[in-house]
Amino acid sequence: MRSQDHDRLYLSPPHLGRHELNYVHKAIEDNWVAPVGPNLDGFEADICAAVGIPFCVALNSGTAALHLGLLLLGVGPGDEVLCPSFTFVATASAVRYCGAAPVFVDSEYDTWNICPQRLREAIEDRLRRGKKPKALLLVHLYGMPAKVPEVLALAAEFDIPVLEDAAEALGSCWEGQPLGSFGRVGVFSFNGNKILTTSGGGALVAHDRALAERARFLATQAKDDAPHYQHAEVGYNYRLSNILAGIGRGQMELLADRVKRRREIFAWYREHLAALPGLAVGPAEPPGARANRWLTTVLLAPPAPDAAPAPPPEALRRALEAHNIESRPLWKPMHLQPLFADAPMYGGAVCTDLFARGLCLPSGTAMTEADLRRVAGALREAFG
Ligand SMILES: *Cc1c(COP(=O)(O)O)cnc(C)c1O
């Protein structure tokens, strides 16, 4: 990230408050310069309080949290794991880390997340083929809650444990309950582009103490309880540093404020871009959903004979780039990635269409009204 380029509007740059440095300073002063210490304990307690869940293990990335989460659910070589195709690659890569295979499922237009109907088809078909999926990855893309009750009902009906990938959804809720707290295990990311950041970091949350303890064990080289270095299974070096956890503590103080501001930015775009033909800011929140609006996303209408055509997303992206404004296509679906060319896919038309027509706009919480006007102005110009 070219932080010296003050004129550039980034998609979602880090936005630090005033207390992060105090926590970092204290860690250095007290020599807690290790993957253990008071900031880690404090950061984990803050996440537990925010998510309403009793156990949390802070890790060095969301990807590490996904990997451990799958291991906690017993995913291993030869297993299949249900996963939306429309997600960031880390969700599906974690399945491969375990030696397991992702089974991809299409999205629905309502939330852009996993389609419950396609999910049922996928589960029933995998069962017919003789293998029960070992776990289900429930992703809430761009902070929009997936259809939580429908997906949880299916998981319960077929007795498949849910791992919630809430990497983009810290602070989002379904009927007042924070996302990340619905699965057996939940995962958050504190990467530099997320709604809160530790520069790089992640967290795993669980309702069950034994699961959280196992995550902590696996994250610290699976060292057995002995005075010497005794190991009976493969572990990982996945713990977060106490220094970075200090940044996290400062950031967690700001969660409510940051969600409020992301939602304001989304609402601003929706209002001020309403006149652009064929451009829709969305998706809208279904009843029960409260999205953190991590990134404001737009969909461009497909070319229609009776309407003025909207510019394709790539033309808009280049037009914004000409104004030194960063925008990005939506995540490219996993079933279209060479990496997963041989993976089974149920449906696919919806997420392929979303990918072809969507764009993410700058949504950082430090954006000013003038910044927002700059984006809107550049978009208007591109529409001619
Ligand atoms: C960011 C992200 C991750 C990975 O988190 P890292 O902290 O970057 O490893 C996983 N899943 C989704 C949906 C994400 O957006």
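1. Glu-326 counts as buried at 13% relative accessibility, where buried means under 20% relative accessible area, exposed over 50%, and partly exposed in between (1.4 Å probe, protein chains only). Its side chain meets that of Arg-328 in a salt bridge with an N to O distance of 2.9 Å; a salt bridge is a side-chain nitrogen of Lys or Arg within 4 Å of a carboxyl oxygen of Asp or Glu. Arg-328 is partly exposed, with a relative accessible area of 43%.

2. On provenance: this is a predicted model, in which local features need pLDDT of at least 70 and side-chain atom pairs count only at pLDDT 80 or more, while totals for chains, interfaces and linings use all residues. Residues are numbered from 1 along each chain as its sequence is written, and side-chain values use heavy atoms, with hydrogens and water left out.

3. The structure holds 25 salt bridges. Side chains of opposite charge can pair when their charged atoms come close. One of these bridges joins Glu-321 to Arg-8, with the closest N and O atoms 2.9 Å apart. The pair links distant parts of the chain, 313 residues apart: Glu-321 sits in helix H10 (residues 313–322), Arg-8 in the segment before helix H1 (20–29). Helices (H or I, at least four residues) and strands (E, at least two) are DSSP runs, numbered from the N terminus. Arg-8 is buried at 8% relative accessibility, whereas Glu-321 is partly exposed at 34%.

4. Lys-132 and Asp-159 form another salt bridge, their closest N and O atoms being 3.8 Å apart. Here the partners are 27 residues apart, and both lie in loops: Lys-132 between helix H5 (116–128) and strand S4 (135–139), Asp-159 between helix H6 (148–157) and strand S5 (162–165). Lys-132 is partly exposed at 40% relative accessibility, and Asp-159 is exposed at 58%.

5. Glu-44, Arg-216 and Arg-239 are linked in a network of salt bridges.

6. The ligand is surrounded by 15 residues, the closest being Gly-62, Thr-63, Glu-168, Ser-189 and Lys-194; a residue is counted as near if one of its heavy atoms lies within 4 Å. The shell around the ligand divides into four nonpolar, eight polar and three charged residues. Helix H3 (62–72) and helix H4 (89–97) each supply at least two residues of the shell, and H3 gives the most, with three.

7. Which atoms of Gly-62 and Thr-63 face ligand oxygen atoms? For Gly-62, a polar backbone atom is 2.7 Å from an oxygen atom of the ligand. For Thr-63, an N or O atom in the side chain is 2.5 Å from a ligand oxygen atom. In Gly-201, a backbone N or O atom lies 3.5 Å from an oxygen atom of the ligand. The protein covers 93% of the 380 Å² of accessible area that the ligand has on its own (Shrake-Rupley method, 1.4 Å probe).

8. Overall, the protein has 12 helices and 14 strands. Its radius of gyration, taken over C-alpha atoms, is 21 Å, close to the 21 Å that the globule rule gives for 384 residues, so the protein is as compact as a globular protein of that length. The globule rule is 2.2 Å times the number of residues to the power 0.38. The C-alpha trace spans about 75 × 60 × 35 Å along its principal axes. Of the 384 residues, 54% count as buried.

Conventions
Polar contact = N/O pair within 3.5 Å; in protein donor to acceptor, adjacent residues only side chain to side chain. Nonpolar A, V, L, I, M, F, W, Y, C, P; charged D, E, K, R; others polar.
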